[in-house]
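Have the sequence and the 3D view open while you read.

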Amino acid sequence: MERISGSLHIDKKTMGADYLSKFQPERLSVEYRDGVTATAPIIPRRYTLTHSDTTGQLFLTLGTHYAWDLLNPIRDEVLGTWMPYGSCFCVYVYIDHGEFDERTAKKRNEVFRRELPLALTAIRYGDRFLFAKYPALDDASLIIHFVSSYPPFARQENWGTFRNFSV
């Protein structure tokens with residue numbers, strides 16, 4: 001099984017034009033690590049979401065640390081963590097650190113922005129047992145950190161709450 005892809009390229013002939021854009025629960029695999037369970041702990045609780053361009057499968061790993069071993073050189077994962085008291089959920093997407101030209105960084109930014117609603121829905125659904133136990137987490141602010149060396153793409157944005165991304 002291929003866990004993660006080598007690029008942000010979407011093979012539309014194989015999977016259909018919108019296979020990444022529509023969340024399909026059956027395409028999500030969830031793995032717990034480091035003693036994290038379906039309902040504990042909230043802090044520290046790190047989320048690593050990766051995917052396969054070939055199959056459209058999503059892989060959510062929850063642990064006390066990010067699953068650095070699952071990342072590829074292209075860095076097309078989504079990372080997330082709860083801030084103290086569950087008041088905020090921070091998401092980090094890696095656009096670049098100067099290794100890409102600005103045109104490539106712009107394309108990566110566009111792809112992340114287009115697919116981020118799917119990623120947030122996958123995280124919310126994948127950790128649904130935690131949200132069931134602590135319903136107030138659905139109202140925590142989602143703060144997205146776009147990490148880039150190019151000022152137009154290096155941003156922090158409030159994307160609402162997980163309530164907007166529940167299935």
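A salt bridge, as used here, is a side-chain nitrogen of Lys or Arg within 4 Å of a carboxyl oxygen of Asp or Glu. Keep in mind that this is a predicted model, where local features need pLDDT of at least 70, side-chain atom pairs count only at pLDDT 80 or more, and totals for chains, interfaces and linings use all residues. Residues are numbered from 1 along each chain as its sequence is written, and side-chain values use heavy atoms, with hydrogens and water left out.

The score to know is pLDDT, the predictor's confidence in each residue, from 0 to 100. For this protein the mean pLDDT is 88, and 87% of the residues reach 70 or more. Residues 1-20 are another story: pLDDT stays under 50 there. The model still has 51 contacts for that stretch beyond four places in sequence, a contact being heavy atoms within 4.5 Å. Where pLDDT is low, the predicted coordinates should not be read in detail.

**The salt bridges**

| Salt bridge | Closest N and O atoms |
|---|---|
| E31 with R33 | 3.2 Å |
| E77 with R75 | 2.7 Å |
| R114 with E115 | 3.2 Å |

Now, are these partners buried or exposed? We call a residue buried under 20% relative accessible area, exposed over 50%, and partly exposed in between (1.4 Å probe, protein chains only). E31 is partly exposed because its relative accessible area is 30%, and R33 is partly exposed too, at 22%. E31 and R33 also belong to a network of salt bridges that links them with D69.

In the next pair, E77 has a relative accessibility of 2%, so it counts as buried. In the last pair of the table, R114 is partly exposed because its relative accessible area is 41%, while E115, at 12%, counts as buried.

**A look at N109**

Where does N109 sit? You'll find it in helix 2, which covers residues 102-126; helices (H or I, at least four residues) and strands (E, at least two) are DSSP runs, numbered from the N terminus. N109 counts as buried because its relative accessibility is 9%. Setting aside neighbours within four places in sequence, N109 is in contact with I95, F146 and F153.
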